Amino acid sequence: MTDIKRRKFVSMLGASAAVIPVSALVASLPSRADDAPVVDPESAQAQALQYVSETEIPEQMCSNCTLYTGAEGEDKGPCPLFPGSSVMAAGWCSAYVPKA
Ligand code: SF4
């Protein structure tokens, strides 16, 4: 094995060692945000943002808000304004920003 190949091999081993702990960390995280409990519209934060689980403005809903990161077709998903919780895809709040 040439010196260059050995260095490349050793550097790849180092990268592999770094990847394994990260993947172990991800696997140990709590369930995905999609599985997180749905925001309670009566909670203080929801009230402050006027969050509703079903929008009254048909063209504005969480599923077409820039902040919504739920999968297309799912009935709920994550929103950074409610960490650890899910918002309803059909929901809405006063921080709504339409997707570009
Ligand atoms: S910012 Fe408001 S409207 Fe947008 S996804 Fe979050 S809760 Fe829904």
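Predicted model: local features only at pLDDT ≥ 70, side-chain atom pairs only at ≥ 80, totals over all residues.

What pattern does the protein chain follow, read along the sequence? I get α-α-β-β, from two helices and two strands; these are DSSP runs (helices H or I, at least four residues; strands E, at least two), numbered from the N terminus.

Residues are numbered from 1 along each chain as its sequence is written, and side-chain values use heavy atoms, with hydrogens and water left out.

Next I looked up burial. Of the 100 residues in the protein chain, 23% are buried, meaning under 20% relative accessible area with a 1.4 Å probe, protein chains only.

Then contacts, meaning heavy atoms within 4.5 Å. Among those in the protein chain with a separation of 6 or more, 68% join residues 24 or more positions apart.

Last, I zoomed in on Thr55. Where is Thr55 found? I place Thr55 in the loop between helix H2 (44–48) and strand S1 (76–78). Is Thr55 buried or exposed? Thr55 counts as buried because its relative accessibility is 15%. A polar atom of its side chain lies 2.9 Å from the backbone nitrogen of Ile57. Leaving out residues up to four places away in sequence, I find Thr55 touching Gln60, Met61, Ala90, Gly91 and Trp92.

Notes
Buried < 20%, exposed > 50% of the residue type's maximum accessible area, 1.4 Å probe, protein only. Polar contact = N/O pair within 3.5 Å; in protein donor to acceptor, adjacent residues only side chain to side chain.
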